[in-house]
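Trainee: I'm new to this one and would like to go through it slowly. Could you put the structure up and start with the words you'll be using?

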Amino acid sequence: MNVTDQDQAGSRRVRTDLVAIVGVMLLASVLPVDLLPSTQHEARGADGQLSGKQGQVIVVRVPVSRHSIDVTGRFLGRRIPFFYQSSPGGPGAYLGLLGIDMLDTPGSHELVVDLNAPGESRRLSYHVLVIQEDYPVQRLTLPKRMVDLDPNSLVRVKAEQKQVRSVLNTVSQERFWSQPFIEPVLGAIAGAFGRKRIINGQPRSPHNGEDIAAPLGTEVVATNDGVVRLAVDHFFSGKGVLVDHGLGLYSMYFHLSEVSVQDGEPVTRGHPIGKVGATGRATGPHLHWGVRLNGARVNPYALINLPLLAEPRSEG
Ligand SMILES: [Zn+2]
């Protein structure tokens with residue numbers, strides 16, 4: 001069953017009358033649904049739709065009056081795990097981080113959220129408006145030998161891509177972080193997220209992270225608590241680290257001059273993981289910082305200042 005909760009203009013009250021018709025045994029303890037945008041970049045449409053630009057992260061909040069409900073969302077074929085957050089002096093909520101991929105089709109898409117408790121289940125449906133982002137376009141003319149890979153390099157690159165994909169597709173069921181995210185290095189942000197590159201007239205894969213220029217050897221730290229899943233030395237990305245933050249969230253750090261962590265090592269927020277370099281295909285020292293959220297390529301800076309993510313001081 002599928003119920004659409006639509007806000008009325010100017011009001012964030014949910015149409016509880018629509019919700020109440022669902023099922024024989026309602027989750028009476030589950031309160032009406034609330035949605036909150038994650039950043040100032042997002043605006044609520046006049047019809048109450050939730051919206052965000054390509055590459056942004058939306059915090060979806062489902063208030064509940066009790067714990068131990070399985071809450072899972074689905075958006076454009078991607079699974080969105082929710083986690084419980086208690087609230088001092090009131091009922092808690094389940095939060096889901098909804099990543100809008102850098103190339104998700106602009107327009108309205110459905111987010112379905114399933115709540116399951118023993119003997120009771122409920123499905124909620126939202127409209128999420130994906131807004132087109134204006135990405136910079138870079139046109140380059142390069143000698144053919146600099147563009148085309150030799151057969152050996154091509155085989156290597158494909159194997160490396162497969163290795164990275166296999167890590168990113170693995171979802172740890174535990175959330176390893178609880179504090180806000182921090183920048184891995186302080187430097188000049190290039191504004192290169194989503195940049196479209198056209199080389200010799202041929203469109204290439206868009207740039208799926210942000211580039212931060214910093215002097216060679218500057219320390220790079222983990223954006224939040226997590227577990228190192230892969231330390232690499234790859235053809236394009238050079239020396240790099242993939243950190244698993246749990247529930248399908250990964251951060252990636254590339255072109256490092258050196259890596260100071262190993263596969264399987266737990267890291268805390270601010271823990272050094274390597275140093276800024278120019279390894280792989282890089283024209284100068286910088287950090288390529290990428291974030292993958294349940295398959296969505298999102299702007300890493302969307303993680304900074306995510307609202308409502310600090311743990312309450314006490315469980316009450
Ligand atoms: Zn880059």
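Mentor: Let me begin with burial: a residue is called buried under 20% relative accessible area, exposed over 50% and partly exposed in between, using a 1.4 Å probe and protein chains only. What you see is a predicted model, in which local features need pLDDT of at least 70 and side-chain atom pairs count only at pLDDT 80 or more, while totals for chains, interfaces and linings use all residues. Residues are numbered from 1 along each chain as its sequence is written, and side-chain values use heavy atoms, with hydrogens and water left out.

Trainee: OK, so His255, buried or exposed?

Mentor: His255 counts as buried, because its relative accessibility is 7%. His255 is found in strand S18, where strands (E, at least two residues) and helices (H or I, at least four) are DSSP runs numbered from the N terminus. His255 also has a positive phi of about 65° although it is not a glycine.

Trainee: And how far is Gly277 from His255?

Mentor: Gly277 and His255 are 22 residues apart in sequence, and their C-alpha atoms are 5.4 Å apart in space. Gly277 lies in the loop between strand S20 (272-276) and S21, and with a relative accessible area of 0% Gly277 is buried.

Trainee: Which other residue has a positive phi although it is not a glycine?

Mentor: Asn200 does, with a phi of about 50°. Asn200 sits in the loop between S12 and S13, and its relative accessible area of 35% makes Asn200 partly exposed.

Trainee: Switching topic, what does S16 pair with?

Mentor: S16 (residues 226-234) runs antiparallel to strand S19 (residues 266-267), the two being joined by 2 bridges, and Val227 stands opposite Pro266 in S19. S16 also pairs in the antiparallel sense with strand S17 (residues 238-246), over 7 bridges. S16 and S17 form a hairpin with 3 residues between them, and the bridge partner of His234 in S17 is Gly238.

Trainee: Now the metal: which residues are the protein donors of the zinc ion?

Mentor: They are His207 (NE2), Asp211 (OD) and His288 (ND1), lying 2.1 Å from the zinc ion. Donors here are N, O and S atoms within 2.8 Å of the metal (3.2 Å for Na, K and Ca), and water is not among the atoms, so sites may look incomplete. Along the chain the donors follow the spacing H-x3-D-x76-H, and both His207 and Asp211 are buried.

Trainee: What about pockets, and what is the volume of the largest pocket?

Mentor: The largest pocket has a volume of about 1,800 Å³. On a 1 Å grid over the protein atoms alone, a pocket is an open set of points with protein on both sides within 12 Å along at least five of seven lines, a cavity is a set where a 1.4 Å probe fits but cannot get out, and lining residues have an atom within 4 Å of a point. Grid points are joined across faces, edges and corners, and a volume is the space filled by probe spheres set on the points.

Trainee: Which residues lie nearest the centre of the largest pocket?

Mentor: Of the 43 residues that line the largest pocket, Arg197, Ser205, His207, Phe236 and Ser237 lie nearest its centre. The largest share of that lining, 8 residues, comes from H3.

Trainee: And how many cavities are there?

Mentor: The count comes to 1 cavity of 30 Å³ or more, and the largest cavity has a volume of about 70 Å³. Among the residues lining the largest cavity are Pro81, Phe83, Trp177 and Asn294.

Key. Two strands pair if DSSP finds at least two bridges between them.
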